[in-house]
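Have the structure open as you read.

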Amino acid sequence: MTQAKLEPKSVFDFFAQINKIPRPSGKEDNMMNFLVDFAKSHGLEYATDATGNVLIRKPASPGMEDRKTTVLQSHMDMVCEKVAGLQFDFLKDAIQTEVDGDWMRAKGTTLGADDGIGDAIELAVLADDTIQHGPLECLFTRSEETSLAGARGLSADLLKGDYLINLDSEDEGQIFISCAGGANTRAYFDLSYEPLAQDAFTFKMQIKGLVGGHSGDDINKGRANANILLARLLYTMMQQYDLRLVDIQSGGLHNAIPRDGYAICAVSDKDKEKVRTLFNTMAADFEHEYAQTEKSMEFILQSQPVEDRQAIERQLGQKIVKACLGVRNGVFAMSQDIPNFVETSSNLASIKITEDEGHKVVKVETMQRSNLTSKRLAACDAVSCVFQLAGARVDVNTGYPGWQLDPKSPLLQIAVDAYERLFGHKPEVKAIHAGLECGLFSEKYPHMDMVSFGPTLRGVHSPDERLLIPTVKMVWDHLLEILKQIPKK
């Protein structure tokens with residue numbers, strides 16, 4: 001497939017224009033200016049709010065003035081990742097795209113189809129006066145990828161619409177009608193140290209090569225959590241030997257299942273070979289436990305000098321390890337409304353020695369998710385209690401709300417019927433155990449009926465991001481069929 005055959009042409013033309021605009025999260029000013037200039041050049045009403053979201057309004061097409069107002073929504077920003085060694089400045093350079101069969105990708109960077117293709121679809125609708133539709137509001141939000149800042153700061157009086165279609169989903173043929181809310185529970189253990197014994201042998205235990213994944217979408221896939229495995233090793237060794245914890249750095253992003261981590265420890269020199277044997281035994285156990293999901297896990301134990309010959313105070317080290325092992329992790333509850341769907345979960349995301357207000361601490365970060373706000377709050381409480389009992393200071397951020405299921409949604413029925421008319425079979429109607437901006441919209445506009453769908457993307461948030469070209473036309477046709485069927489006020 002060549003560039004000239006990309007369909008719908010107007011959508012891909014706008015996508016090409018968008019990919020010339022630098023738009024990292026938090027630095028979307030050029031994209032905002034582009035949208036405002038577009039509205040002015042097309043004679044369309046527009047507005048911005050204090051957060052920097054852009055709204056463009058388009059009157060109904062002739063004969064559709066009495067229909068309810070529909071909001072189309074996507075986000076302006078993109079994740080900026082590139083392959084190692086590539087000279088590319090995301091603040092200046094245009095994304096370079098290429099077509100490989102049915103797929104579009106970028107040359108060494110993220111493609112920006114998340115959610116640039118949603119932006120392009122909105123602009124193509126706004127620019128086309130042959131489309132049948134009622135009154136439209138097209139919303140472009142800021143900083144979705146990093147903090148949901150645009151949706152979080154959206155003015156509660158900006159939108160007038162009755163229905164909202166979010167164009168930020170990644171599997172054509174699926175319509176999403178619910179998402180999880182999330183919050184982070186963080187524990188802080190103030191550190192105190194004491195000298196190691198003269199004969200102490202110091203070593204580093206490392207776990208790496210786990211699959212990891214998204215802490216929402218992948219939490220029920222049976223993958224290992226590096227922090228949990230490390231805590232199991234430390235606890236077992238502490239039970240059998242006088243193992244002292246010197247340092248720990250494990251896990252990474254708050255919304256990712258941790259793939260790797262390490263702890264620097266000390267034992268009496270006379271016990272070092274016994275510890276090595278125990279380490280190898282437990283590593284073999286872990287490989288057996290996760291034989292189906294973890295094909296590349298590695299366990300490394302090697303000597304590690306400790307220059308200051310200090311370790312975390314013995315009882316404090318034990319409390320930290322016990323709390324990290326004892327806190328619940330993984331799936332808490334399955335949905336009672338949607339078969340085989342995770343309702344509530346928690347992820348032990350990272351365990352790290354760091355600075356907090358000028359003092360060294362072990363900071364443990366976790367993330368709780370649920371499609372029910374009450375269940376998310378209960379999960380945060382359960383995690384908090386374990387760390388508080390171990391003597392840690394705990395804080396829970398405000399997080400973001402879930403988007404609760406409405407099985408009687410009129411917009412959902414319109415979308416399902418439209419899809420079946422076009423393609424001869426029903427779409428999948430799904431919920432997602434991850435955050436969408438719809439959760440925040442539903443909090444500010446509780447009356448608004450919403451669905452989310454989009455073309456098929458793979459490898460998002462990485463240089464392998466790619467867009468399945470034929471699905472863009474399918475989403476376009478589906479959207480236009482829905483707009484025709486929006487009911488009267």
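Start with threonine 109. Setting aside residues within four places in sequence, threonine 109 is in contact with Glu81, Lys82, Leu86, Phe88, Phe90, Ile95 and Pro463. Its place is the loop between strand 5 (103–106) and helix 3 (113–127). Threonine 109 counts as buried, because its relative accessibility is 1% and the cut-off for buried is under 20%. Keep in mind that this is a predicted model.

**Nonpolar cores**

The largest nonpolar core has 61 residues. Which of them touch the most other members? They are Leu123, Val125, Ile165, Leu467 and Ile482. Take isoleucine 165 from that group. Not counting residues up to four places away in sequence, isoleucine 165 touches Thr70, Val71, Leu72, Gln73, Leu411, Val451, Phe453, Leu479 and Ile482. Another core lies apart from the largest one. This other core has 51 residues, among them Phe201, Ile207, Ile353 and Phe387. In soluble globular proteins, nonpolar side chains tend to be buried together.

**Methionine 238**

Methionine 238 sits in helix 5 (residues 226–240). Is methionine 238 buried or exposed? At 11% relative accessibility, methionine 238 counts as buried. Beyond its neighbours within four places in sequence, methionine 238 is in contact with Leu243, Leu245, Gly317, Gln318 and Val321. Lysine 274 is 36 residues away from methionine 238 along the chain. The C-alpha atoms of methionine 238 and lysine 274 are separated by 13 Å.

**Salt bridges**

How many salt bridges does the structure hold? It holds 28. Among them are the pairs in this table.

| Aspartate 29 | Arginine 142 | 3.5 Å |

Begin with aspartate 29 and arginine 142, whose side chains meet in a salt bridge. The pair links distant parts of the chain, 113 residues apart. Aspartate 29 is in helix 2 (residues 29–41). Arginine 142 is in the loop between strand 6 (136–141) and helix 4 (149–152). Aspartate 29 is partly exposed, with a relative accessible area of 45%. Arginine 142 is buried, at 13%. Glu28 also takes part here: Glu28, Asp29 and Arg142 are linked in a network of salt bridges.

Glutamate 45 counts as partly exposed, at 49% relative accessibility. Arginine 57 is buried, with a relative accessible area of 18%.

Glutamate 194 is partly exposed, with a relative accessible area of 22%. Arginine 244 has a relative accessible area of 8%, so it is buried.

Technical notes
Residues are numbered from 1 along each chain as its sequence is written. This is a predicted model: local features need pLDDT of at least 70, side-chain atom pairs count only at pLDDT 80 or more; totals for chains, interfaces and linings use all residues. Side-chain values use heavy atoms; hydrogens and water are left out. Helices (H or I, at least four residues) and strands (E, at least two) are DSSP runs, numbered from the N terminus. Buried means under 20% relative accessible area, exposed over 50%, partly exposed in between (1.4 Å probe, protein chains only). Contact means heavy atoms within 4.5 Å. A salt bridge is a side-chain nitrogen of Lys or Arg within 4 Å of a carboxyl oxygen of Asp or Glu. A nonpolar core is a set of buried Ala, Val, Leu, Ile, Met, Phe, Trp, Tyr and Cys residues joined through side-chain atoms within 4.5 Å.
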